[in-house]
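Below is a short briefing on one predicted model. Please keep the sequence and the 3D view open while reading.

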Amino acid sequence: MDEVIAGIDIGGTKIAVALETLDGEKVAARRLPTEVEIGAYAIVENISRVIAEILEENQVKLAAIGIGCPSPLDIEKGLVMSPSNLQNWDNFPIVKLFKKRFNVPIVLENDANTATLGEYNYGAGRGFKNIVYITVSTGVGGGIIINGEIVHGVGWGAGELGHTIVQPDGVRCNCGSIGCLETICAGVHIARRAKMRLAGGEPSLMNELVLNINEVTAKTVVEAVRKKDQLASEIWTETCRFLAIGVANIITLIAPEAIIIGGGVASAGELLFAPLRSFLPQFVSMIPLEKVAVLPAELGGESGVCGALALAKQVYLESYQVYEV
Ligand SMILES: [Zn+2]
């Protein structure tokens with residue numbers, strides 16, 4: 001019976017499961033709703049059932065599992081520690097439960113690092129050794145890969161790029177700090193600034209794109225920018241400029257071969273990448289920028305599950321440190 005590996009990407013609204021052979025041949029990919037309300041144990045049972053079905057249908061044997069999950073996690077103990085979108089997952093022993101069910105090597109990783117591994121192995125990061133992945137979405141997150149390895153750092157906390165400070169006299173972030181990159185570039189904060197200025201009575205096309213100001217999202221801002229709306233363009237330019245400051249600091253610190261940017265806000269494409277690239281030279285003086293590729297992510301919503309597969313393969317090949325539970 002052929003051996004396969006499984007990747008699981010757990011999010012607050014949906015879960016992606018994919019199985020492939022050790023040679024990288026796709027066996028099956030499924031998506032299921034998370035259904036947070038049914039509780040962590042039932043969710044793990046649902047995922048396990050899907051994996052068992054795929055194994056049965058394809059007459060293959062499971063060899064390893066990689067799991068991507070929102071932070072905070074205790075990776076050494078294989079625990080999920082109540083992430084904001086998976087509340088009540090208190091010290092939830094996710095690795096132990098899958099281990100009990102499938103008895104294979106399992107590795108747990110935070111979702112941003114998993115997405116980074118996905119882009120590195122299957123997406124825009126292929127062919128590079130040192131990359132930084134940034135997701136600009138509801139929040140801003142990321143991961144750092146140096147010489148092919150995720151950088152974890154003290155307390156497994158490295159790579160929280162969204163919480164580097166770019167505006168110390170700015171707005172307080174969910175994390176407690178003031179002026180994190182996330183407080184300017186995250187979708188909710190783009191929308192926050194737009195709503196604030198619209199509420200102040202500034203004229204804008206955005207007023208016509210929504211029924212009331214509270215419905216404005218980052219998408220509304222992008223739509224108005226495409227229609228050359230001045231207020232939206234100011235907010236967008238500010239977003240791109242601060243993103244450039246954050247990216248420039250990463251480039252100066254790490255000098256990676258590639259910065260890969262994904263997430264909902266980055267799906268604005270060249271509308272984001274063109275101003276971002278044009279701002280960068282102002283903020284980078286020590287690194288030859290022409291040697292740093294600034295690229296859009298390629299995998300979209302699949303980066304997490306692809307990274308989970310890469311983790312499973314790593315743990316199978318024992319090049320990754322395995323924490324037996
Ligand atoms: Zn923060």
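The buried residues of H5 (187-199) are covered by elements that include H4, helix H6 (206-209), H7 and H8. Buried means under 20% relative accessible area, exposed over 50% and partly exposed in between, with a 1.4 Å probe and protein chains only. Residues are numbered from 1 along each chain as its sequence is written. In this predicted model, local features need pLDDT of at least 70 and side-chain atom pairs count only at pLDDT 80 or more, while totals for chains, interfaces and linings use all residues; side-chain values use heavy atoms, with hydrogens and water left out.

**Helix H5**
- Helices (H or I, at least four residues) and strands (E, at least two) are DSSP runs, numbered from the N terminus.
- Gly 187, His 189, Ile 190, Ala 191, Arg 193, Ala 194 and Leu 198 are the buried residues of H5.
- The end C-alpha atoms of H5 are 18 Å apart, which agrees with the 18 Å that its 13 residues should span at 1.5 Å a residue. The expected span is 1.5 Å times one less than the number of residues.

**Second largest pocket**
- The second largest pocket has a volume of about 370 Å³. Of its 17 lining residues, Thr 217, Ala 218, Lys 219, Gly 264 and Val 265 are the closest to its centre.
- A pocket is an open set of points on a 1 Å grid over the protein atoms alone, where a 1.4 Å probe fits, with protein on both sides within 12 Å along at least five of seven lines; lining residues have an atom within 4 Å of a point. Grid points are joined across faces, edges and corners, and the volume is the space filled by probe spheres set on them.
- H5 and helix H7 (218-226) each supply at least two residues of the lining.

**Nonpolar cores**
- The largest nonpolar core has 49 residues, and Ile 134, Val 221, Trp 236, Val 247, Ile 259 and Ile 261 touch the most other members.
- H8 (230-254) gives the largest share of this core, 13 residues.
- Another core, of 35 residues, lies apart from it and includes Ile 15, Ile 67, Phe 92 and Val 95.
- A nonpolar core is a set of buried Ala, Val, Leu, Ile, Met, Phe, Trp, Tyr and Cys residues joined through side-chain atoms within 4.5 Å.

**Ser 71**
- Ser 71 is found in the loop between strand S4 (61-69) and strand S5 (73-74). Ser 71 counts as partly exposed, at 33% relative accessibility.
- Beyond its neighbours within four places in sequence, Ser 71 is in contact (heavy atoms within 4.5 Å) with Pro 83, Asn 110 and Asp 111.
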